[in-house]
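Subject: Structure handover

Hello,

Here is the structure for your files. Please open it alongside this note. My findings follow below it.

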Amino acid sequence: MLLSACRPGQGGRVTRTLAEGPLGQRLMEMGLIEGARVQVVRVAPLGDPVEIRLNDYHLSLRKAEAEGVEIEP
Amino acid sequence: MSVSAAASVRRIALIGNPNTGKTTLFNALTGLAQRVGNYPGVTVEKKIGKLEPGLEVIDLPGTYSLAAHSPDERVAVDVLLGAQAGEPRPDLVVVIADAGNLERNLYLVTQVMETGLPVVVALNMMDVARENGIAVDPAGLESALGVPIVPMVAARREGLDELRAAVKRRLGSPAPKTGWTWPPPLAKELEALRHACQEEDCLLLRALVDEGGAAEEALAGRHGAGVRERLRGARARIREAGKPAAAFEAQTRYAWIGQAVRPHVSRRDAGVSFTDRADALLTHRVFGSAVFAVLMTGVFMVIFRCAGPFMDFIDAMFGTLQEGVTGLLAGTALEGGAFESLLVDGVIAGVGGVLIFLPQICFLFLFIALLEDCGYMARAAFLMDRLLRFCGLSGHSFIPMMSSFACAVPGVMSARTIANPRDRLATILVAPLMSCSARLPVYSLLVAAFVSDAVVAGFLPLRGLVFAAMYFLGIVVAVAVAFLLKRTLLKGPTPPFVMELPPYRRPSPRNVSLRVWEAAKAFTVRAGTIILAISIVIWALNYFPRSDEIAESYAILREAAEAEGLDEDALAARLEDLERLEAGAYQRDSYFGRMGHFIEPLVRPLGWDWRIGMAALASFPAREVVVATLGIIYDLGGEVDVEDDTSRARMVERLQAVAWPDGRPVFNLPVALSIMVFFALCCQCGATVATIKRETNSWKWALFAFAYMTVLAYVGALAAYQIGIRV
């Protein structure tokens, strides 16, 4: 499933980074690579962006950007 | 001597991820011995400080990676590779890393290890990591990575001496060995590229991985545009072998970091952290938004209200200074002459007009520094991103826009916090459309004079509605302009909103005060000089040509008054009247007055007479000046105080009496609305223009902002009047 489809509390392991170009590169540099554990923490009050927990830190991503990350729960 | 001394200065570069305490470390290492400037051609700030005699530190922009996407990151990479014009290549790199978030921070460390420079890692925030249950063994990590690691707590100045010692030990040593090997597809292409262009591996790797990046530009510059074709082919072959080059790079580094770090880091469950608990509230759907609204209202009210007494004080101080100088010159040959006026109305008023902004700038930057230092700024962007996205901006633009309701000068300056250059520029260009506090006197005067105090729909005061409409107009136009700019002049790919939400931290008083000090200094020195120059030019256009005829005729009138045998009070009142009338006559006869006549055909469709046109021209340095200018033109003197009821009533009465040659009154509701709309949308503010120039490093954008806002203001005023007279 896509990271963007996760509800707060859901997450899993990254299987693939679908986003390409600078966005894909930035996501991977930040640690969203194969095997990384991620969890959606919450969604912003206006419905977007989402906050995720990744390794030891928290990252904010727009939903459209979270579509670039495939995970398995 | 001096030449060899200059040559022997060694330089250390300080680099690190954002939110790792890099600024704290830089300030702790160098104290106040800092030089702040700009890199040529870009608006990236350059900071150099002295560690000790012969040893300098250059603070590079915060970056997660050497794959440069923004101008900030590009500068960091260029300096490290020795490709930044005018900057010598550093002799050593200190990478600051957050001990609590080791893997991601070491990603940048592995990239810096490839630059061929000696590296020292400052492992910061050991205390916070410990609190969160993360224990790092620095010695073990040092041997696993092969670079010196100095554990420290920069905020408490712990580990500074050790860092200095490690830096000095390491100067002149060879670059660290890198322990990872690239997967065959990447290694093969790198090898081929190495044969084609004799360049450092680090540059070749960056060129291969970062499509359209700085390294590709550099290679194409040195080896011809054919390199681009070669790189495209290489990237395509790597992708065919499984994944994009960027994925190979990231996975290799993280895999190596993982195996190097794992034996030397232990974790225990520290429970829910303070940041998690705080964020459950601060970014909560309901409470988070409420806290945000209260906080922003608070910030706004403080800039808007608390700066007031300080501004009044500065105003009063310069008023006293003006009186003092006038007093000093009284009885000398300079009394009442051009020199006195230049000094009093040009220079002193101009300097006062610069310093008057300082309270608002200091207050705003105090808040920004506090919010940024404690980590809330990222949450503000998180909360507001959706709202600003529909006009093509991001959550980062919220604070600059909001601050501009108090004053566009600090608002434009605070756009520095926006990393993406196109978003930053769009924000800077539309921020002055927010109705700032300087528009208030204009609105108050005209609303009081020409809008009836009727009540609409039973409870809404009409005057209040007109006020609100002016604020609303600014917001709507700003949104539309931002939308258009992002689709035309500032078009480009949407920058990723991939943003770290750092742990909350106690702000450092030292960082906060330095930040406020830098903002105040930058404004005073760099924008202030331009504002002062503009003020003096405007003064001259307002003062000259100073015709002898007016002087002579008023001298005759004065003599006549004195000869009338009035009692002392009546004579004084008469002389005062004459003085006001004379000031009005000079003003109407000034170059601005003549320009007013000249542009009358242009402002006639707005319902304005030449005097309003002239007042609009003369209010270029600051739009609130228009009230005083109208006061002088209509013979009321320049001391119109819109907050004082009698003074305003007198002005209102006078404006209502102004008539066209055929007897129709000049001022009516449509004219008042047209003036208000004009001042709501125009950029009649020398300080804003000067600040945009300084912040964008270019007159082009400053003039663009002035031009487009003036055109919009004219069109808006035209519409307001033409619709107004037909309704």
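Two strands pair if DSSP finds at least two bridges between them. Strands (E, at least two residues) and helices (H or I, at least four) are DSSP runs, numbered from the N terminus. This is a predicted model: local features need pLDDT of at least 70, side-chain atom pairs count only at pLDDT 80 or more, and totals for chains, interfaces and linings use all residues. Residues are numbered from 1 along each chain as its sequence is written, chains are lettered from A and ligands numbered from 1 in the order in which they are written, and side-chain values use heavy atoms, with hydrogens and water left out.

**Strand β1 of chain B**

Strand β1(B) covers residues 10-16. Ile15(B) stands opposite Val95(B) in β5(B). Five bridges join β1(B) to β5(B), residues 92-98, and the two run parallel. On β4(B), residues 55-59, there are also five bridges to β1(B), again parallel. There, Leu14(B) has Asp59(B) as its bridge partner. Buried means under 20% relative accessible area, exposed over 50%, partly exposed in between (1.4 Å probe, protein chains only). Six of the seven residues of β1(B) are buried, so the strand is largely enclosed by the rest of the structure.

**Leu80 of chain B**

Leu80(B) sits in helix α3(B), residues 71-81. Is Leu80(B) buried or exposed? Leu80(B) is buried, at a relative accessible area of 0%. Contact means heavy atoms within 4.5 Å. Beyond its neighbours within four places in sequence, Leu80(B) is in contact with residues including Ile15(B), Leu60(B), Pro90(B), Val93(B) and Leu117(B). Pro90(B) is ten residues from Leu80(B) in sequence, and 6.6 Å away in space, C-alpha to C-alpha.

**Nonpolar cores**

A nonpolar core is a set of buried Ala, Val, Leu, Ile, Met, Phe, Trp, Tyr and Cys residues joined through side-chain atoms within 4.5 Å. The largest has 130 residues. Those touching the most other members are Tyr376(B), Val430(B), Leu433(B), Phe523(B), Trp608(B) and Phe667(B). Helix α14(B), residues 287-329, gives the most to this core, with twelve residues. Another core lies apart from it, with 71 residues, among them Ala76(B), Met113(B), Leu190(B) and Ala234(B). Which residues does Phe667(B) touch, not counting those up to four places away in sequence? They are Phe450(B), Ile612(B), Tyr634(B), Leu655(B), Val658(B) and Ile675(B).

**Chain A hairpins**

Strand β3(A), residues 50-54, is mostly covered, with four of its five residues buried. Five bridges join β2(A), residues 37-43, to β3(A), and they run antiparallel. Val40(A) has Ile52(A) as its bridge partner. Six residues lie between the strands of this hairpin, where Gly47(A) takes a positive phi near 95°. β3(A) is also joined to β4(A), residues 57-61, by five bridges, antiparallel. Arg53(A) stands opposite His58(A) there. Two residues separate the strands of that hairpin, and Asn55(A) takes a positive phi near 50°.

**Cysteines**

A disulfide is a pair of cysteine sulfur atoms within 2.5 Å. How many disulfides are there over all chains? The count is zero. Cys197(B) is in none, and the nearest cysteine sulfur, in Cys202(B), is 14 Å away. Cys197(B) is buried, with a relative accessible area of 1%. Cys683(B) is buried, with a relative accessible area of 1%.

Best wishes
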